[in-house]
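Colleague: I have a model open and want to learn how to read its features. Please take me through them.

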Amino acid sequence: MSPEEFRKHAHQLVDWMAGYMKNIEKYPVKSQVQPGEIFSKIPDNPPLNPEPFDSLMADLEEIILPGITHWQSPNFFAYFPANSSPPSILAEMIISTLGAQCMIWETSPAAAELEEKMMIWLRDLIGLPSYFEGVIQDTASTATLAAILTAREKATGFRINDEGIEGDRPLRVYCTGQTHSSVEKAVKISGIGRKNMVKIPVRSDFSMDPEKLREVVIEDVKKGFLPCCVVATICTTGTTAVDPLKAIGEICAKNGIWLHVDAAMGGTALILPEFQWMLEGREFIDSFVFNPHKWMFTNFDCSAFYVRDPETLIKTFEILPEYLKTRTRGKVNDYRDWGIPLGRRFRALKLWSVIRIYGIEGLREKIRNHIRMAKSLAEMISSEPDFEILAPLVINVVCFRYKPKGIPEDQLNGINEALNHRLNDSGKIYLTHTSINGIYTLRMVTGQTNVTMEHVGTAWELIKKAARNF
Ligand SMILES: *Cc1c(COP(=O)(O)O)cnc(C)c1O
C-alpha cells in the first residue's frame with residue numbers, strides 16, 4: 001500500500017470511525033453470537049494473492065461487528081468501563097503511525113521523557129506525595145505482579161532473584177476476600193504460593209478490618225512466617241469498598257511490610273478533591289496502581305504504576321545484556337528496567353492528549369457527573385419496595401437485586417440471575433453481577449464516557465419492567 005493509497009483508505013476509515021461513534025446505540029450492547037459462529041465464517045486458509053482493503057472493510061461489517069460487545073456504548077453498565085474517547089483515539093493513530101518501540105530512552109527519548117512528565121502530572125492530580133515516581137504498565141495485573149516481586153526481593157535482601165525461593169521462611173501476602181483476582185495470580189507467579197495469601201476478614205462495608213490484620217500478622221510472625229506485603233484496595237471490583245490505608249499502613253510500618261495499593265478503578269475518583277479521603281494514610285504507601293484505561297477516557301492499555309523507591313523496583317527487574325548498553329545509562333529513565341516486558345509502546349502520548357484536550361476541569365466534570373448519576377440511580381432503586389440496595393454507594397457502582405414480597409430467599413438468586421440474562425440478551429443494556437455473602441447481586445456502573453442520566457433512566461425502566469414481568 002503506497003502512502004497515497006493509504007491516505008485514501010485512511011480518510012474512508014475516519015468516516016467509518018465517526019459513523020460508528022454516532023450510531024453505536026443501534027448495535028446490541030452485548031454481542032449475541034454463539035460460540036464458534038465467528039470462527040466458522042473466517043476462511044480456513046489465508047489468501048494467496050493480495051486483496052483490496054475494501055474487502056477487508058466489508059468483512060469487518062459482515063463478520064466481525066456482530067461478534068463485538070460494544071464497550072463504548074452508553075448503555076454499557078457492566079464490569080468496570082474500558083473507556084475510549086476521541087482525543088485518545090487520535091493519539092493512538094499517531095502512536096501506531098510512529099510505531100516506535102520505546103524500551104529505553106535512546107530508542108525514543110521523547111517517549112521516555114513524556115512518560116516521566118505524564119506520571120508527574122497524574123501523581124499530582126491524584127494527590128500522591130511528590131516523592132513517588134511512576135511508570136506506565138500495560139495493566140494493573142502486571143503492575144501488581146511487579147509490586148509483589150519487588151516486595152519479595154526487599155523482604156529477602158534480593159536473595160530470591162539470585163538463588164531461587166528454596167530455603168527461605170515462607171513469605172505472606174495479605175488482602176481480603178474482596179481483593180481482585182490479579183493478586184492471587186501474582187502470588188502464584190511470584191513463587192510465594194497461594195497458601196501464603198491470607199484473606200483478612202472485612203467489616204460491614206466490605207473493607208479490610210485492620211484489627212484482624214494486626215492479629216494475623218502477630219500470629220504469623222510467631223509461627224515463623226515472613227510477612228511480606230499487604231495489598232489494600234481503593235474501590236474493590238465487586239462493591240467499590242475502600243480499605244482503610246492509615247490503619248493498615250501503621251501495621252505495615254511497624255512490621256516492615258510492603259504496602260501496595262490497588263486503585264485500578266478508584267484512582268480516577270482521586271482527581272476530585274472530595275474523594276481525597278480515600279488516600280488518607282498515603283504516607284505509608286510503597287506502591288500504587290491505577291488504570292487511566294478504565295475510567296479516565298484513555299484507550300486500553302494504560303496503567304499508571306507508582307513506587308516510593310524506584311531503586312528497589314529497578315534492582316528487582318534490571319538486566320543489562322551487552323546489546324542494551326548505552327552512553328546515557330544512569331542519566332535517564334530506561335523504563336524496560338521498571339517492569340517485566342522489554343518492549344514498550346508509546347502510551348504516554350494518549351495520556352497527554354486526553355489530559356490536554358479535556359483539561360483537568362473537563363475530566364473532573366465528567367467524573368462528577370458519573371458519580372451523580374449513580375447517586376440518582378441508587379435513590380430510584382431505594383424508592384421501589386420490591387428492589388433492594390446491597391452495598392454502600394461509594395463512587396459510581398450500584399449493587400442491588402430484585403426482591404419481590406413473598407418469594408423465599410432461596411429462590412432470589414435464581415430469579416436475579418435469570419433477570420440479568422434476560423436484560424443482556426435483549427441487547428439494550430449490559431450489566432454484570434457479583435456475589436455478596438452468597439447473594440447474587442446485580443451491579444450497575446455509570447462510568448461509560450458518553451453515558452447520560454437519560455441512558456441511566458431508560459435502563460432502570462427496562463430493569464423494572466423485565467423484573468416485574470416474570
Ligand atoms: C480491573 C481491576 C484490576 C485488573 O485490571 P487490569 O488492568 O485489567 O489488569 C485489578 N484490580 C482492581 C481493583 C480492578 O478493578
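Modeller: Some ground rules. This is a predicted model, where local features need pLDDT of at least 70, side-chain atom pairs count only at pLDDT 80 or more, and totals for chains, interfaces and linings use all residues. Residues are numbered from 1 along each chain as its sequence is written, and side-chain values use heavy atoms, with hydrogens and water left out.

Colleague: How many helices and strands does the protein chain have?

Modeller: Helices (H or I, at least four residues) and strands (E, at least two) are DSSP runs, numbered from the N terminus. Here there are 15 helices and 11 strands.

Colleague: What does the radius of gyration say about the protein chain?

Modeller: Take it over C-alpha atoms; the globule rule is 2.2 Å times the number of residues to the power 0.38. For 470 residues, a compact globule would come out near 23 Å. The protein chain has 24 Å, which agrees. Its C-alpha trace spans about 70 × 60 × 45 Å along the principal axes.

Colleague: What share of the residues is buried?

Modeller: Buried means under 20% relative accessible area, exposed over 50%, partly exposed in between (1.4 Å probe, protein chains only). Of the 470 residues, 52% count as buried.

Colleague: Which residues have the most contacts inside the largest nonpolar core?

Modeller: Such a core is a set of buried Ala, Val, Leu, Ile, Met, Phe, Trp, Tyr and Cys residues joined through side-chain atoms within 4.5 Å. The largest one has 69 residues. Leu-122, Leu-213, Val-230, Ile-234, Leu-259, Ile-285 and Phe-288 have the most contacts inside it. Helix α13 gives the largest share, eight residues. A second, separate core has 34 residues, including Trp-258 and Phe-305.

Colleague: Is Ala-374 buried or exposed?

Modeller: Ala-374 sits in helix α13 (residues 348-382). It counts as buried because its relative accessible area is 0%.

Colleague: Which residues is Ala-374 in contact with, beyond four places in sequence?

Modeller: Contact means heavy atoms within 4.5 Å. Its partners include Leu-393, Ile-395, Val-398 and Thr-446. Thr-446 is 72 residues apart from Ala-374 along the chain, yet their C-alpha atoms are separated by 6.0 Å.

Colleague: Where does Arg-347 lie?

Modeller: Arg-347 is in the loop between α12 (310-317) and α13. Arg-347 is buried, because its relative accessible area is 10%. Leaving aside neighbours within four places in sequence, Arg-347 is in contact with Ile-136, Gln-137, Asp-138, Asp-301 and Cys-302.
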